[in-house]
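I opened the model today and worked through it by topic. My entries follow.

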Amino acid sequence: MADRTIAELHLAALPSLVPLVSAAALEGARALGFKEEDAGALGVATEEVFSHLALSGAPGREVVIRILGSRWRAEVEIRFTPEHVDFRPFNLTFRTTPDDDPLLSRTALAIASQVVDRFRISRRAEQILLSLTKERSFPKAAPPPPEPRPEGPVSARAAQPHEFPLAAGLAAARYPAEQWPRAFESPEKVAGMAAAGDLGAVVAADAVGRLAGALFWLPAGARMAGLFGPFLFQDPPVEGVASLLLDAVVGSLARTGLEGLIARSPTSALPSRAMEPLGTFEVPLADGTARTVEARYRQLDEDPGGVAHVHPSVEAFVRDSFRRLSFGRVVRVVPGSPPSGDGGTAFATEVDRVAGQARLTPLWLGSDAREMLRGLVDALAADSFRRPLAELDLGEPSHAGFAPALLEAGFVPRLILPWAGNGDVLLFQLAAETGRR
Amino acid sequence: MTSFVLDAIVPEFVRQFKAYVPSRPDPELMALYGVSRLHRLNNNENPLGPPAAAQEVLRRFPPPLGAVYPSGDSFYLRRRLGERLGVDPDQILFGNGANETIGLVLKAFCREGDNIVTADRTFAVYEWTARFSGVEVRLVPLRDGRFDVEGMLARIDERTKVVFVCNPNNPTGTYWDRATLLDFLARVDGRTIVVLDEAYAEFVESPDYPEGISLLPEHPNLVVFRTFSKMWGLAGLRIGYLIGERNLVDTVRRTCIVYSVNIVAQEAALAALDDPEHVPATRALVRGEKAYLLSELGAMSLPTASGEGNFVMVELPISDTLAYRKLMREGVMIRAMTDFRFPGWIRVSIGCHDAMEDFVAALRRTLE
């Protein structure tokens, strides 16, 4: 990703510095070309988070704030090390006071998460990273006219800059909304994402550039890319185009360091045996309903084998998945009982309003894991995230102990994402009946 | 604790590079995949092992010599090889496998802003070594499965320092015949170094295959790579070499840290050269087992690509990385070819007959 750093601040988490931090975020977004409303939202979210740190999260601690972005997105990264190993203040539901004053009923982090498009908390050792991302608003465009049928041989190649918005528009016009990123409605946004290296595509075209199809990818974490498509632009489609596109994407992403490609909601054109099925989960649709999709996976490297740390409560699911997928893994069973007398459970929450999805990952396990999860599930449901996902990194022994609390809160294991974390990631999703509470 | 920001001192081209992850040792892999034996058909090793004379060297190596530095420039081995090939020993430079000589050539001739030219689907180490050295890599698509003469020439410019040609090509087994190679060298016309990687040359039996060494007198910009890892069965000892015009090799030698080739490797390679039976025996085995394998794969209606060398490529109806895992569960290790930019293909090394039979049976079960 070709993000540009606009500013980096090293300062103490003090209430008196809140206006400075808020202004930096606001002006940083403006410097990236954001209009007032979008820039203001990022300023407000940053103000909420920094106030939270100054008052309760890490008062007085050194904080590093980086403002970065590109033509289509602005991000504020906030890094710091809490004074004590207590990650509770970073639960989305954390309150500084237990009173029920309506003005205090929403927490600072919840407010921040609601005014940006993507809110992420992660932890590396003792350090916390809070990330606030606002996408720039672009006008939606009318669908492009149908693409003329290619003549002569068609070959797959990397999309030219001008072909990104065209192919995205054709895809959005021809396929259900859950099969393409919502950015596809805005040609300027697509162009910005492509220019920043945040969106990749191959197209199948004839000698004069008439498009027969396209396949897109977006980064999905540090080691995976998410595939969208294959999108075919004629009826009937030009024969063999989907395979051409997939081979071209795999060939171009080989030797790039990515471990694999995942298609969460592929089109029916995806060649059935080209990507292996991992399992199913629900994706939210724009109309508030959900659709079951089968995630498909394509590994790019020979699998090196590894170790999976699992709690007994999910051992059978994990072993069965590894056997079905032919993954060579040593399964280490970790009881993972929470430390007695420690009430400090914390989950990082990533809220993606563009995709309509929320995702929980463990930060710290305490004896209050079940209560904490129930509170988080209720808060997310109140914010319209009824089928949140939760991920346990099987490469992290400390994650194993969260499984019982997740199961008790109504989450069920859905599938394994190979190498999506330090090791494989076990994906849970809140069951439908629980989500309707 | 000292403050240290590692990223601040790491060059961008190193930061961006993904380290190669070698496969785990066999016992680890067998435990991971739950198998009691493993056929290694992934690295194009010689199933017959080293020549008998080299095996004798390994058996009789005096342990006290483990404390003594080897010849720093493989003195006796260069002298013997020079006699055998009809070249001055100073035209030969040994490395810790031919892979080391790739790095030596790049270090000798390339600096930031320079580029190399090679094919997109060939041995990956040229590309990797250049990238993590900060050298631009210009990849030319294969044409009909072969290195593309016109495409390669079109990408050469004044900053091109090295052109790598894998002949025969790993993994397609295709090669440039003598006329094609001479035409290419004539049109390069001394503008850049041309490396001819002949790692699999000893397997080639076609009469029109050009041994690069014979062209050195007329082409002082030509460098030939050879290895003891394939035909000679000494992959575990890591020994390979380059041959070129004397001044060119002297230049490359300046970038070489001596003693990188160990004493056992030098002694074993020296003995290997004098074994008259090893090459014919290996060729016969490869010829016979390749024919068997191609026949079986044909019976399964699987497309194959097979030229010179001790390997065959097979196109599968499932992803190659999935096939790798499924075959590992069957105790057979092949090479998934996505990393060679052949998605959906695997490469199988030619092994002894029992290994070939086991592979065929495992592949049938995998594709059921």
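I started with the surface of chain B. Chain B exposes about 15,800 Å². Carbon and sulfur atoms supply 53% of that area. I took accessible areas from the Shrake-Rupley method with a 1.4 Å probe, and for residues only the protein chains shown count as cover. I then looked up chain A, where the accessible surface comes to about 17,800 Å² and 54% of it belongs to carbon and sulfur atoms.

A note on provenance. This is a predicted model, in which local features need pLDDT of at least 70 and side-chain atom pairs count only at pLDDT 80 or more, while totals for chains, interfaces and linings use all residues. Residues are numbered from 1 along each chain as its sequence is written, chains are lettered from A and ligands numbered from 1 in the order in which they are written, and side-chain values use heavy atoms, with hydrogens and water left out.

**Chain B, overall**

I looked up the fold elements. Chain B has 14 helices and 13 strands. These are DSSP runs numbered from the N terminus (helices: H or I, at least four residues; strands: E, at least two). Along its principal axes, the C-alpha trace of chain B spans about 65 × 55 × 50 Å. Its radius of gyration is 21 Å, which agrees with the value near 21 Å for a compact globule of 368 residues. The radius is taken over C-alpha atoms, and the globule rule is 2.2 Å times the number of residues to the power 0.38.

Of the 368 residues of chain B, 55% count as buried. My cut-offs were under 20% relative accessible area for buried, over 50% for exposed and partly exposed in between (1.4 Å probe, protein chains only). I checked contacts next, meaning heavy atoms within 4.5 Å. Among contacts in chain B between residues at least 6 apart in sequence, 72% join residues at least 24 apart.

Chain B carries 41 positive and 48 negative side chains, and the centres of the two sets lie 3 Å apart. Lys and Arg count as positive, Asp and Glu as negative; His and the chain ends are not counted. Each charge is placed at NZ of Lys, CZ of Arg, CG of Asp or CD of Glu.

**Chain A, overall**

How many helices and strands does chain A have? I found 10 helices and 19 strands. Chain A is as compact as a globular protein of its length, because its radius of gyration of 22 Å is close to the 22 Å that the globule rule gives for 437 residues. The C-alpha atoms of chain A fill a box of roughly 70 × 50 × 40 Å along the principal axes. Buried residues make up 55% of the 437. Of the contacts in chain A with a separation of 6 or more, 68% are between residues 24 or more positions apart. The mean positions of its 45 positive and 53 negative charges are 3 Å apart.

**The interface**

I went to the A/B boundary. There, 29 residues of chain B are in contact with 26 residues of chain A. The two chains bury about 2,400 Å² between them, 45% of it on carbon and sulfur atoms. Buried area is the accessible area (1.4 Å probe) that two parts lose on being put together, summed over both. Which residues of chain B lose the most area to chain A? They are Lys18(B), Leu32(B) and Arg325(B), together 25% of what that side buries.

**Around helix H9 of chain B**

Leu181(B) sits in helix H9 (residues 178-188). Leu181(B) is buried, at 0% relative accessible area. Beyond its neighbours within four places in sequence, Leu181(B) is in contact with Trp176(B), Leu196(B), Pro210(B) and Leu215(B).

I moved on to His219(B), in the loop between strand S6 (193-197) and strand S7 (222-227). Is His219(B) buried or exposed? His219(B) is buried, with a relative accessible area of 14%. With neighbours within four places left aside, His219(B) is in contact with Leu182(B) and Leu185(B).

**Backbone checks**

Most residues other than glycine have a negative phi, and most peptide bonds are trans. I looked for departures. Asn44(B) has a positive phi of about 55° and is buried at 0% relative accessibility. Asp189(B) also has a positive phi, near 55°, but is exposed at 61%. Asp189(B) lies in the loop between H9 and S6 of chain B.

In chain A, the peptide bond from Gly229(A) to Pro230(A) is cis, with omega near -5°. Pro230(A) is in strand S9 (residues 224-232). The bond from Asp235(A) to Pro236(A) is cis as well, with omega near -10°. Pro236(A) lies in the loop between S9 and helix H6 (241-253).
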